[in-house]
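Please look over the sequence and the structure shown below before reading on.

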Amino acid sequence: SNPCKPLASSHQCWVWEGVGSGKVDFTYIPAQYSEFVLRVPVTGPFDFMKVPLTCTSIALDGVNLNGAVDLTKLPLHLSTFNLFSPTGDTGSLDLTQLPSSLTSIQLSAMTGVTGTLDLTQLPTGLRSLGLFQLTQITATVPWADLPASLLSFKVYKNPGIDAVVPTVIPLPNLQTLDIRENGMWTGQVDFTQLS
């Protein structure tokens, strides 16, 4: 374990990385760490409900999900959830029952999950959404139903995610919009209307 650079003076991050196997029990994340980053190819399933109340940010990078990941069972105190380049991912992704506490979610390089992604019921306080290389997922971006709280919306290399881009993007707080190499995107943004 190695401490990583904290995001803020009040935050501390615990990083596990390297070669390994086995399973992880989130119960044992030390109370002084509010962020936990796992970069070891351990095997799921993962019981996120065991994440201590003191830990509000979880990032899993390169883990073996060993099946579907149930995002409906993220703990109610979690503010950030990142899932990057997992193996053994199956099933579908349900983003309609994320905890209301969640302010950021990033999903990247998932090749085994399938189905249609419903983006109409994201948490109303969500500030950052990133969808990257979800190769077998389909979705249509529902601009009017995205949370008005979004500061950052990044979608790239998702061949099944389509959108009709409105002339005026209805996200009043948006600071970052990054759209690249997705499915069928049409429409025309009036950039003079961006603030």
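What radius of gyration would a compact globule with 195 residues have, and what does the protein chain have? With 195 residues, a compact globule would come near 16 Å, and the protein chain agrees with this at 17 Å, where the radius is taken over C-alpha atoms and the globule rule is 2.2 Å times the number of residues to the power 0.38. This is a predicted model, in which local features need pLDDT of at least 70 and side-chain atom pairs count only at pLDDT 80 or more, while totals for chains, interfaces and linings use all residues. Residues are numbered from 1 along each chain as its sequence is written, and side-chain values use heavy atoms, with hydrogens and water left out.

**Overall form**

- The protein chain holds zero helices and 15 strands, which are DSSP runs numbered from the N terminus (helices H or I, at least four residues; strands E, at least two).
- Taken along the principal axes, the box filled by the C-alpha atoms of the protein chain is roughly 50 × 35 × 25 Å.
- Among contacts (heavy atoms within 4.5 Å) between residues at least 6 apart in sequence, 37% join residues at least 24 apart.

- Of the 195 residues, 45% count as buried, a term for under 20% relative accessible area, with exposed meaning over 50% and partly exposed in between (1.4 Å probe, protein chains only).
- The accessible surface of the protein chain comes to about 9700 Å², and carbon and sulfur atoms account for 52% of it, as computed by the Shrake-Rupley method with a 1.4 Å probe.

**Cysteines**

- A search of the whole structure gives zero disulfides, a disulfide being a pair of cysteine sulfur atoms within 2.5 Å.
- C55 is accordingly in no disulfide, and the nearest cysteine sulfur, that of C13, is 8.6 Å away.
- C55 counts as buried because its relative accessible area is 0%, and C13 is likewise buried, at 2%.

**Two residues in strands**

- S152 belongs to strand β12, which covers residues 152-156, and it counts as buried because its relative accessible area is 13%.
- Apart from its neighbours within four places in sequence, S152 is in contact with R127, S128, L129, L174 and T176.
- V15 is part of strand β2, covering residues 13-17, and with a relative accessible area of 6% it is buried.
- V15 and S79 stand 64 residues apart along the chain, and their C-alpha atoms are separated by 18 Å.
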